[in-house]
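Visitor: Could you take me through one part of this model in close detail? I would like to look at its charged side chains.

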Amino acid sequence: MLRHAKSSRKDERLADHERPLAGRGRKAAARMAEHVHAEGISPELVLCSSAVRTRQTLERVLPALGGHPAVRVEDELYGAGERALLERVRRLPGSVGSAMLIGHNPGLEDLVLSVAGSGDRLADVRAKYPTGALATLEWEGGWADLAPGAAVLTGFVTPRELG
């Protein structure tokens, strides 16, 4: 679960959906790309919100993801809340072994906090899920088995921690 990197509010005429990454966001996404490469993170599928800032985050992270994942940019992920995100993840086909979701708060944070029943960094997620942060979850069973409290938060990293 990757929250988009920091977006720009420089041009107030732009609709929220159209806001691009800020300079700080571009740097943070590059640091996250280095992290996912170093950690060997290689989802088979990436689901990405259609907002400009999420697609720009994806553009910077995608080359670092191993295995050349399939990518789906979906309008329904923009502004989606916890319940809608959970239902979308539950609809993933069983043939997909791992996935990355690139989206927005509060939905992404709420989803992680809902499904993660345990994990060393759970308190950190509760305190703040900043832009550019990546949460990794694992659970028993398939996508349809993801439910409140069913997952373990196995990783949480923020751009600030990466330098």
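This is a predicted model: local features need pLDDT of at least 70, side-chain atom pairs count only at pLDDT 80 or more; totals for chains, interfaces and linings use all residues.

Visitor: Let us begin with E74: is E74 buried or exposed?

Guide: E74 is buried, because its relative accessible area is 12% and the limit for buried is under 20%. The side chain of E74 is paired with that of R88 in a salt bridge, at 2.8 Å from N to O. E74 sits in strand β3 (residues 70-74) and R88 in helix α3 (residues 82-90), so this contact ties together parts that lie 14 residues apart in sequence. R88 is buried as well, with a relative accessible area of 8%.

Another of them joins R53 and D16, at 2.9 Å from N to O. Here R53 comes from helix α2 (residues 52-61) and D16 from the loop between β1 (2-3) and α1 (23-39), distant parts of the chain that are 37 residues apart. R53 counts as buried at 4% relative accessibility, whereas D16 is partly exposed at 32%.

A further salt bridge links R121 with E161, whose closest N and O atoms are 2.5 Å apart. R121 lies in the loop between β5 (116-118) and α5 (122-127), and E161 in the segment after β7 (151-157), so the pair connects parts 40 residues apart in sequence. R121 is partly exposed at 25% relative accessibility, and E161 is partly exposed with a relative accessible area of 43%. Finally, back to D16 and R53: together with R19, they form one network through salt bridges that share partners.

Terms used: Residues are numbered from 1 along each chain as its sequence is written. Side-chain values use heavy atoms; hydrogens and water are left out. A salt bridge is a side-chain nitrogen of Lys or Arg within 4 Å of a carboxyl oxygen of Asp or Glu. Helices (H or I, at least four residues) and strands (E, at least two) are DSSP runs, numbered from the N terminus. Buried means under 20% relative accessible area, exposed over 50%, partly exposed in between (1.4 Å probe, protein chains only).
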